[in-house]
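Reader: I would like to learn how to read charged pairs and their surroundings in a model. Could we take the features one at a time?

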Amino acid sequence: MSLSEEVELLRKVPIFSNVELAKLKLLAFTSERVRFDPGQEVFHQGDPGDAAFVIIEGTAEVVAETDNGPIVLLEMQPHAFVGEIAILCDVPRTASVIAKTELHTLRIEKELFFRLVEEFPQMSAEIMRVLAERLDRTTSELTAARNRLREAGIE
Amino acid sequence: MERNLFKYIWRHSKREQIVVLVIVLASLPFYFVSLSLPAAIVNGPIEGTWFQEGVSRPFLEIYLPFSEWFGERIRLFEGFQLTRVEMLLALSFSYLGLVFINGQFKFQVNTLKGRMGERMLRRVRFELVDRVLRFPPSYFRKLKPAEVASMVKDEVEPLGGFIGDAFVLPMFQGGIALTALVFIMVQNVWLGAVAGAVVLFQAFIIPVLRRPILKLSKERQIAAREMAGRVGELVDGVDEVRINATSNYERADISNRLGRLFSIRYEIFRRKFFVKFLNNFLGKFTPFIFYAAGGYFVIIGQLDIGQLIAVIAAYPDLPAPVKMMIDWDQQRLDVQIKYDQVVDHFDPDDMVPAEAQQPVGEVSHLQGGIVATNVTVMDDTGARLLQNISFTVGLGETLAIVGPAAGGKEHIGPTLVRLFPPSAGHLVLGGRDLSSLPEGVIGRWVGYSGQDTYLFPVSLRENLTYGLKHEPLTPPDESPRDQERRAWTAAETRRAGNAEYDLDAEWIDYHSIGVAGAAELRKRMLDVLRHVGLQDDVYEMGLAGYISPDTHPELCTKFMYARRVFGDLIKKRGLAHLVESFHPDKYNRNASLGENLLFGRPCGPFLGEGALVSHPYFQETLHKAQIADAMVTMGYEIATTMVELFAGLPADHPFFDQFSFISALDLPDYKGLVNRYSSNISWESVDDDDRVKLLTLALRYEDARHRLGLITPDIAAQVVLARKTFRRNLPDALQDAVRLYDPENYNAASSILDNLLFGRIAYGEAKARDRVLELLSELLGELELHEAVYDAGLDFNVGPGGKRLATPTRQRLGLARAILKRPDILVIDAALAVLDTPTQEKILQSVLASSGSRAVIWVLGRPEQAVLFDRVLVIDGGRVVEEGKAQDLLARNGPYAALANHKPRQAAE
């Protein structure tokens with residue numbers, strides 16, 4: 001896949017959708033294409049976060065390592081942006097991401113990402129929107145989970 | 001050091017000076033005879049004046065000297081009777097013989113003088129460096145390395161030339177001048193007196209006029225030395241200059257200094273040539289007197305004409321020696337000044353006495369640990385850095401030293417290794433006062449690693465073993481011829497008063513660290529490197545290192561075997577896609593276009609990146625393979641993309657360094673270039689400069705990484721064709737400029753890793769490098785090649801001051817060096833300060849765990865780490881404010897608890 005195809009792909013990722021073409025090209029050029037075999041870890045929960053990934057092709061699972069064993073939280077499809085929390089908040093990886101099929105990604109280094117965000121305010125607005133959506137979804141899932149717990153009489 | 005240069009020279013070269021003098025005196029009679037022979041040849045056989053009485057004359061008849069004073073001449077040897085022609089030949093050959101003898105004398109004298117000068121120079125230089133090695137540590141704070149180097153190298157150089165002439169010249173030339181003067185005096189007292197007066201005036205006035213010149217020379221010397229010092233500073237501080245954008249300030253400073261040097265020099269020239277003029281004038285003034293006054297005497301009949309001619313003939317022998325003596329005197333003053341200045345710099349107070357650095361032989365282990373009693377240390381202004389420090393550390397004990405920054409803890413380490421001498425109190429090691437111990441003993445007992453570890457620009461291995469080279473131990477094995485040469489070298493060393501330690505001897509003290517030899521030492525080194533967390537780094541350095549089949553044929557064969565086995569292994573493990581192998585018939589997308597074309601490694605500058613594109617043979621190859629236009633087009637496409645991508649970024653943006661083919665500085669250039677041409681560009685349509693630029697870009701292009709899609713199957717095929725053409729017709733002159741890739745042969749210009757893989761690790765495969773290296777390590781382990789890789793890593797040259805290594809690596813290496821020595825006391829002075837906390841702690845624990853019966857004193861940057869030690873000493877305001885077990889002190893809630901519990905705010909990064 002050539003650089004121009006990658007640029008097309010990046011445009012389909014929500015947080016990059018409003019970034020001008022020239023900058024996306026720079027982003028694509030300065031990022032690394034990484035391929036994972038099925039079952040290979042993209043990153044591991046608890047590791048320091050050094051990069052985020054855009055999924056180009058294939059699917060990946062987000063897995064939380066708990067005391068009771070791993071729990072699959074959700075499945076990521078092409079155009080998804082993963083691993084951004086650890087680099088945004090400077091915290092260790094909150095979950096592991098594992099390639100479910102053969103997985104092609106674009107790896108964006110932390111510093112690179114921050115520079116882009118600094119230079120293109122429209123990107124930060126987009127990130128905020130995406131994160132807010134995710135928070136909204138997580139909150140409703142949490143509420144639902146609590147309700148289920150209450151119904152089960154645990155809490 | 002002897003302050004009087006003459007005394008110094010005389011003391012060290014008395015015998016040689018006398019020998020030269022004797023030879024010079026012995027040569028004089030021959031010289032005079034050779035002067036008188038031409039007249040004898042002309043008068044005797046040629047004009048025939050000797051042969052008016054008969055057909056033959058005795059040759060070489062010898063009379064007893066002065067015998068005619070007693071009436072009768074006594075003939076000792078009646079000589080050979082020779083005819084006129086025979087006499088001519090005999091005298092001519094005598095002349096030739098004398099010329100040869102005189103030449104021989106000159107040759108001998110010059111050689112002896114030169115040798116004497118060189119020996120003295122060698123002595124002076126050695127003595128200076130010897131003194132540098134014994135300077136008190138505080139003195140180094142005032143010294144500039146470049147200035148010291150310039151003094152040792154350049155400023156004493158004229159001494160060598162002068163030393164040979166120091167005594168011989170005035171005696172010899174003075175003798176000649178005096179003889180000539182006496183000769184003139186004998187002819188006519190008045191003329192002699194005039195000549196004498198002029199000479200005296202000359203001898204008086206010239207030095208007077210030259211004195212200011214000497215003063216100027218001295219100024220020039222100082223200015224030049226400071227200039228050298230400034231250039232040294234510039235090199236050391238170049239980062240600061242760039243960061244602060246002060247390069248123009250530095251330019252102004254250098255320019256100013258050069259201006260000053262120029263004006264001093266100019267003034268010297270003006271004066272020097274005036275003196276020369278005056279000197280010449282005085283030289284010709286005397287003949288004027290001879291002609292005018294002498295002529296007058298002849299006219300009035302007081303002097304006969306023969307005498308006048310003799311005087312005028314003898315006179316030229318007078319000014320030349322006088323001038324030489326004046327020059328000699330000037331040189332004397334000059335070198336005396338230089339010598340004085342150098343001695344001033346090299347004669348500080350409180351030098352380490354020479355005896356303290358003498359070899360001490362085998363040193364038994366320290367018994368009884370270290371006891372500090374009321375130690376006080378002052379700096380050169382008299383401020384107290386440490387006051388009344390007392391503590392005891394027994395062998396096997398560990399002591400942490402903590403305290404607030406600038407509270408005095410930073411001075412403990414240097415004091416313990418005598419870099420700061422205590423001004424009061426005692427430091428006692430094994431019952432002996434530290435100040436009385438020879439360096440050889442302290443150097444073995446105490447290992448020290450501070451924050452600023454200095455590494456020498458040699459290999460890692462040599463840096464590690466540096467702490468084991470105290471004195472020569474076993475003389476080298478050698479053939480009788482080598483021994484002869486060595487004996488001569490040693491004798492010469494002795495004559496020049498240099499150190500007679502044999503550099504080729506075995507210096508590494510294996511015994512003191514309990515290993516039998518080099519192999520065990522390597523094992524120990526790796527062990528120590530593991531303790532400081534450097535083992536993996538050295539392994540990687542080894543993989544990145546180079547060996548040559550010429551020097552390591554067997555090893556290269558083994559690596560070649562490993563290459564084949566690895567090729568199979570990686571397939572078997574299903575990881576073959578992680579490495580793209582080099583294949584003579586295939587384009588390698590993970591290698592650059594340049595590497596694909598060359599299919600080898602440039603060796604030396606001829607085909608290096610800058611030179612390759614403009615090399616006629618390379619260009620010719622591109623044309624033959626019909627890829628020249630395509631290359632230029634690719635370069636143009638890359639340039640267009642780079643300009644498009646990077647044009648909007650500020651010039652200091654890190655992307656330029658990391659990703660761009662074009663530096664920020666050159667970008668406007670390329671912008672112009674892109675605009676000048678259009679995409680249907682060809683080899684012929686661009687000018688030479690632009691073509692070189694475009695080709696350079698194209699050669700750097702890596703298809704897999706840069707993903708511009710430039711390498712179409714057609715292009716790839718053409719590149720392979722070009723590669724083969726290049727290889728087939730490679731001219732002899734370029735055979736050594738490149739090491740071509742060959743699946744069957746080890747490539748000396750490629751790293752060990754490249755040789756093992758014979759390919760490039762594929763771009764874009766997750767953790768490809770880690771996985772490949774892991775597999776490789778597994779294989780090398782099986783083949784027992786790990787040690788060879790470590791060896792190559794240990795051979796890595798760390799560069800000046802270790803600058804080729806990252807600062808944390810340098811610090812760890814310093815620590816490793818101190819530990820490798822197996823000292824009885826290990827003093828670690830905040831030596832891990834630049835490492836992150838987890839790494840620090842890992843190393844700390846590993847070092848403490850392996851310390852055994854050793855005393856460890858560790859000055860800690862992080863007080864909370866003191867819990868790992870037996871005891872802790874808290875230093876503040878230069879005093880011990882608390883002492884005890886860390887746990888107890890924490891409970892007591894005193895100064896230590898305050899330090900340890902104070903959590904610095906987590907920095908953002």
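Reader: Is B:Glu397 buried or partly exposed?

Author: Buried means under 20% relative accessible area, exposed over 50%, and partly exposed in between, with a 1.4 Å probe and protein chains only; at 24% relative accessibility, B:Glu397 therefore counts as partly exposed. This is a predicted model, in which local features need pLDDT of at least 70 and side-chain atom pairs count only at pLDDT 80 or more, whereas totals for chains, interfaces and linings use all residues. Residues are numbered from 1 along each chain as its sequence is written, chains are lettered from A and ligands numbered from 1 in the order in which they are written, and side-chain values use heavy atoms, with hydrogens and water left out.

Reader: Which side chain meets that of B:Glu397 in a salt bridge?

Author: Side chains of opposite charge can pair when their charged atoms come close. A salt bridge is a side-chain nitrogen of Lys or Arg within 4 Å of a carboxyl oxygen of Asp or Glu, and here B:Arg871 meets B:Glu397 at 3.2 Å, N to O. B:Arg871 lies in strand S19 and B:Glu397 in the loop between strand S6 and strand S7 of chain B, so the pair ties together parts that are 474 residues apart in sequence; strands (E, at least two residues) and helices (H or I, at least four) are DSSP runs numbered from the N terminus. B:Arg871 is buried, with a relative accessible area of 18%.

Reader: How far from B:Glu127 is the nearest side chain of opposite charge?

Author: Lys and Arg count as positive and Asp and Glu as negative, while His and the chain ends are not counted; B:Arg131 is 4.3 Å away, and B:Glu127 is buried yet has no salt bridge.
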